[in-house]
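Please examine the structure shown below. The paragraphs that follow lead from one site to the next.

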Amino acid sequence: MSGRRTKRSTHRRPASSDRVSHADPRAAHEIERLKRENDQLREKLAERDRRITDLERQLALHQQNSTTTSKPPSSDGLAGRQRARGRRASSRRNPGGQPGHPGHSRPLVPAERVNAIVDLVPDACRHCRRRLHARDAVDGPRRHQVTELPPVEAHITEYRCHHRRCPGCGKTTQAPLPDEIAGQFGPQLTALIAYLTVVCRMPRLVVQRFFESALQIPISLGSTQAAWEEASAAVAAPYAELEAALPQEPVLNGDETGHRTNGDKRWLWTFVARTFVFYRIATSRGSDVLKTLLGASFAGVLGSDRLPSYLTYTASQRQFCWAHLTRNLLSALDLAQTPSATRFCREALALDRRLFRLWRRFRGDPTARGAPLTREELIAKVLPIEKRLFALGERHLDAANKDVRNLASVFFVHNPHLFTFVHEVGVAPTNNAAERALRTAVQWRKIMFGNRSDDGERAVERLLTITRTCQLQQINALVYLTAAIATHRRHERVMSLLHSARTP
């Protein structure tokens, strides 16, 4: 063995692919083809994963019901997951009133309201058959009242307008009809047609058949429409007064829903104040409607959902609906696919439940656990919840889940607008008042299939506003409509619902 060391080569050993390329160009080409095929398969797998994720989300959305969305309970069809109804566990109590439950019975009307009195006097003892006389009377009679309708028939008055010839000029003069009976139907009958249509939500054809069969009053469909239009004209002034009072209200709750006029898209808006309800049909769902009705800015508290129309409108204070927020959280929990999104929704829902337990205690709900709270105690107990929701939103502003990111933005950006009800008198945490007002209008729309003209829109606005306001103020809507039509025919001022609401 030689004592001279062999010098190590400094040349880089060729890579396997290089060796293959030099050895066999066809093998190198095959490797490149396999790489391209591998990349294509990876892209297809990624695309399929995206499609599967999208389909799973669509399926989850399709299975949601009214508890996780803003859909009404009537829309919970067979395709979606059925909403839990009734008690989850069977109760051991017997059906009916429970021991200690106060009974309810129909009270007797005052004696002055009774139309007829029939005295039933026994003439013989039912035990020994001995004859009884007036001197044997004891105590007072037992009163039993039976309510019955009188024979239903129309009261028809014929007005005969006589003629007289003037001996001076020789011309003939005919006695004029009073303004109240200028038409063929009196104020009460005209008001009843409008009442049955807007309050009882009876289609005009059903109203016509009811009058002809039950009341024996022949009437045409055109006459029912004329009565509807006259009732609308009669309440135009009270409607305008309520519209003018909207900007001065300290608290308003607003909502909107779709409407149709001759197939064209419209939006039915409602605003609920403390003493009245207001409706307006508009061609827009934007904030321009708010500016038209409430002014450039609203000085009170505006309760609503988080529709952009309300977010872009200027209001002194806001109260966003917690019912909508709860449904959004439940929906996000159903769609959550990561542990982080699930934890966010569950933590927010836990704080939501704590908040409403405190609210029920403040309202004195008998089912709430714990002593009733004062306003100061409510504020002190809600403050930690408010801070925790703010911090929760701040931590998840950059969440990968879109639903979580949006809800986190609500908790962080709009945090003060979620707790206005805690500090302000007359403000509710939900927008249920406006949603209940819309429900009446939606039921009417589904039965009547919308409107056909601008005059029809105005009639719906006015009559819904007046009748719902009468119900809120515990005024008989039929009596008010009758008085309004009679007053309108005399060309006098119709009674204001705004003033009646403010009268102590």
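Leaving aside neighbours within four places in sequence, Leu-472 is in contact with Ala-273, Arg-274, Thr-275, Phe-276 and Val-277. The model in which these contacts are found is a predicted one. Leu-472 belongs to helix 15, which covers residues 454–472. Between Leu-472 and Arg-274 there are 198 residues of separation in sequence, yet their C-alpha atoms are 8.9 Å apart in space. Leu-472 has a relative accessibility of 40% and therefore counts as partly exposed, a class that lies between the limits of 20% and 50%.

Another leucine may now be considered. Leu-120 is placed in the loop between helix 2 (25–62) and strand 1 (163–165). Because its relative accessibility is 77%, and exposed means over 50%, Leu-120 counts as exposed. Leu-120 and Arg-142 are 22 residues apart in sequence, with 9.9 Å from C-alpha to C-alpha.

Rolling a probe the size of a water molecule over the atoms shows where empty space is left. The second largest pocket holds about 1,400 Å³ of space. Its lining consists of 31 residues, and those nearest the centre are Ile-117, Val-118, Arg-142, Arg-143 and His-144. By type, the lining of this pocket comprises 17 nonpolar, six polar and eight charged residues.

The cysteines remain to be discussed. Cys-321 has a relative accessible area of 1%, so it is buried, the limit being under 20%. Cys-345 is likewise buried, with a relative accessible area of 0%. A disulfide is a covalent bond between the sulfur atoms of two cysteines. How many disulfides does a search of the whole structure find? The search finds zero.

Notes:
Residues are numbered from 1 along each chain as its sequence is written. This is a predicted model: local features need pLDDT of at least 70, side-chain atom pairs count only at pLDDT 80 or more; totals for chains, interfaces and linings use all residues. Side-chain values use heavy atoms; hydrogens and water are left out. On a 1 Å grid over the protein atoms alone, a cavity is a set of points where a 1.4 Å probe fits but cannot get out, and a pocket is an open set with protein on both sides within 12 Å along at least five of seven lines; lining residues have an atom within 4 Å of a point. Grid points are joined across faces, edges and corners, and a volume is the space filled by probe spheres set on the points. Ala, Val, Leu, Ile, Met, Phe, Trp, Tyr, Cys and Pro count as nonpolar, Asp, Glu, Lys and Arg as charged, and the others, Gly among them, as polar. A disulfide is a pair of cysteine sulfur atoms within 2.5 Å. Buried means under 20% relative accessible area, exposed over 50%, partly exposed in between (1.4 Å probe, protein chains only). Helices (H or I, at least four residues) and strands (E, at least two) are DSSP runs, numbered from the N terminus. Contact means heavy atoms within 4.5 Å.
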